[in-house]
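User: Hi! Could you walk me through this fold?
Analyst: Happy to, let's look at it together.

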Amino acid sequence: MTTMFGLTLAGRDVLFVGGGSVAARRLPRLIEEGAAIRIVAPALSAETSALVERHGLAWIRRGVRERDLEGAWLVHTATGSARVDADVAAWCERARVFCVNASDGAHGSARLTAETRSGDVVVAVSSDAGVDPRRAARVRNAIAGLLERGALPVRRVRDTARGRVALVGGGPGPVDLMTVRARRLLAEADVVIADRLGAVDVLRELDPDVEVIDVGKQPGLHPVPQHEINALIVAHARAGRRVVRLKGGDPFVFGRGGEEVTACLEAGVAVEVVPAPTSAVAVPQAAGIPVTQRGVSGAMHVVNGQAELGSGTLAALADDTVTTVVLMGVAALERIVAGALAAGAPGSRPVAIVESGHAPQQRTTRTTLADAVAHARAAGVRNPAVIVIGEVARPDLLLPVPAPEHAAAG
Ligand code: SAH
């Protein structure tokens with residue numbers, strides 16, 4: 001039988017007997033924890049020697065003696081000789097010091113577990129009967145996978161840690177386009193402050209007692225002003241909560257993520273940012289449009305349609321080797337088209353308007369600068385939509401439509 005304990009070895013004397021490959025494999029864990037490590041071995045393998053040098057570990061260069069155990073809280077023996085390891089284990093038994101014996105088939109009075117960490121959760125796997133490191137590692141890996149993607153209930157029940165904020169990009173909509181890091185942070189969150197766009201379906205998977213605050217901008221309804229969102233984020237974090245600010249697409253692309261980071265830093269609140277596919281790239285992609293394509297478009301210009309068209313945007317629109325991607329541009333389409341034509345872009349320049357990218361109701365309107373306004377009106381194009389202006393928006397870009405005579409011959 002084994003009982004697992006969470007031991008804290010930081011600052012405690014741990015003796016490693018043997019300096020071979022087993023020591024090299026296992027030392028990093030104890031080094032990371034800050035154990036006061038001594039190694040006793042006549043020689044070291046190259047890896048162990050590197051660790052000794054890098055971390056300034058104490059190395060006693062000779063065979064082990066019983067007196068070496070003095071002061072140790074824990075001994076790890078892996079000498080390559082079952083007899084020496086058994087001697088060390090027996091000395092430990094006498095001295096009442098726990099001993100990990102790495103010899104094949106040996107058990108020792110302590111054993112290392114297969115561990116995984118996710119945030120502040122530590123899971124250790126061991127075996128009650130014989131040692132079976134590969135099985136332990138497999139079970140550990142499976143649990144690590146679940147932890148990593150937020151599939152286990154890791155949300156804190158007791159307030160033991162400080163509040164913090166994660167600005168999490170949710171991507172263009174589908175939950176399976178979120179990163180595993182985003183999923184894990186959501187699983188840890190006490191409060192989620194969400195927008196209307198993005199991976200909103202993920203909110204349904206949260207525990208019922210996770211507070212969800214919707215600050216999304218619905219056209220026509222009053223949005224929560226940005227300074228109030230900032231204040232809300234900071235207040236919850238200061239109250240000791242783990243806050244996820246869930247945003248559509250990427251937090252740093254027209255998402256005001258930078259302002260929210262500043263608000264947290266000014267308030268002394270820990271903040272991290274999790275990137276995600278931005279709709280500027282992922283929505284055209286959903287319609288089969290690569291934003292760059294060798295020989296067609298060598299640059300992309302991403303612009304907020306609600307802003308005035310600056311000289312950089314006009315230059316991009318005029319350049320047939322640049323893809324211009326317009327977010328928040330539906331209401332401004334007429335102004336943008338007029339600006340592009342005035343800047344010298346030909347009326348034949350392809351335009352694609354992709355509505356609700358990655359959603360079941362996704363729709364693409366293919367047109368040209370000359371016809372874009374009329375076609376968008378006729379189609380009743382609505383938000384959210386991404387407008388792509390440039391040669392990559394040609395309907396036949398990836399699969400050229402065959403010329404009629406070739407089609408007939410085929
Ligand atoms: N941070 C976000 C952009 C926020 S601005 C990102 O990186 O994607 C909001 C604009 O994004 C919308 O007006 C629209 O132009 C675009 N958008 C976001 N999701 C979209 C979707 N699923 N389909 C089409 N456009 C989308």
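**Strands and helices**

Analyst: Strand β1 (residues 13-17) and strand β4 (residues 74-77) pair in the parallel sense over 4 bridges. This is a predicted model, where local features need pLDDT of at least 70, side-chain atom pairs count only at pLDDT 80 or more, and totals for chains, interfaces and linings use all residues. Residues are numbered from 1 along each chain as its sequence is written, and side-chain values use heavy atoms, with hydrogens and water left out.

User: What counts as a strand, and as a pair?
Analyst: Strands (E, at least two residues) and helices (H or I, at least four) are DSSP runs numbered from the N terminus; two strands pair if DSSP finds at least two bridges between them.

User: Which residue stands opposite Leu74 in β4?
Analyst: That's Val14.

User: In what order do the strands of the sheet come?
Analyst: The open sheet runs β3-β2-β1-β4-β5, with parallel pairing. β3 (58-60) and β5 (98-101) each have a single partner strand, so one side of each lacks a neighbour in the sheet.

User: Switching to helices: at what angle do α6 and α7 cross?
Analyst: Helix α6 (residues 226-238) and helix α7 (residues 257-266) cross at roughly 45°, their axes coming within 9 Å. Axes are lines fitted to C-alpha atoms, for helices over the stretch in contact (heavy atoms within 4.5 Å), and angles run from 0 to 180 degrees between N-to-C directions. That makes α6 oblique to α7; under 35 degrees is roughly parallel, over 145 roughly antiparallel, 65 to 115 roughly perpendicular and the rest oblique.

User: Which residues make the contact?
Analyst: Gln226, Ile229, Asn230, Ile233 and Val234 of α6, with Glu259, Glu260, Ala263 and Cys264 of α7.
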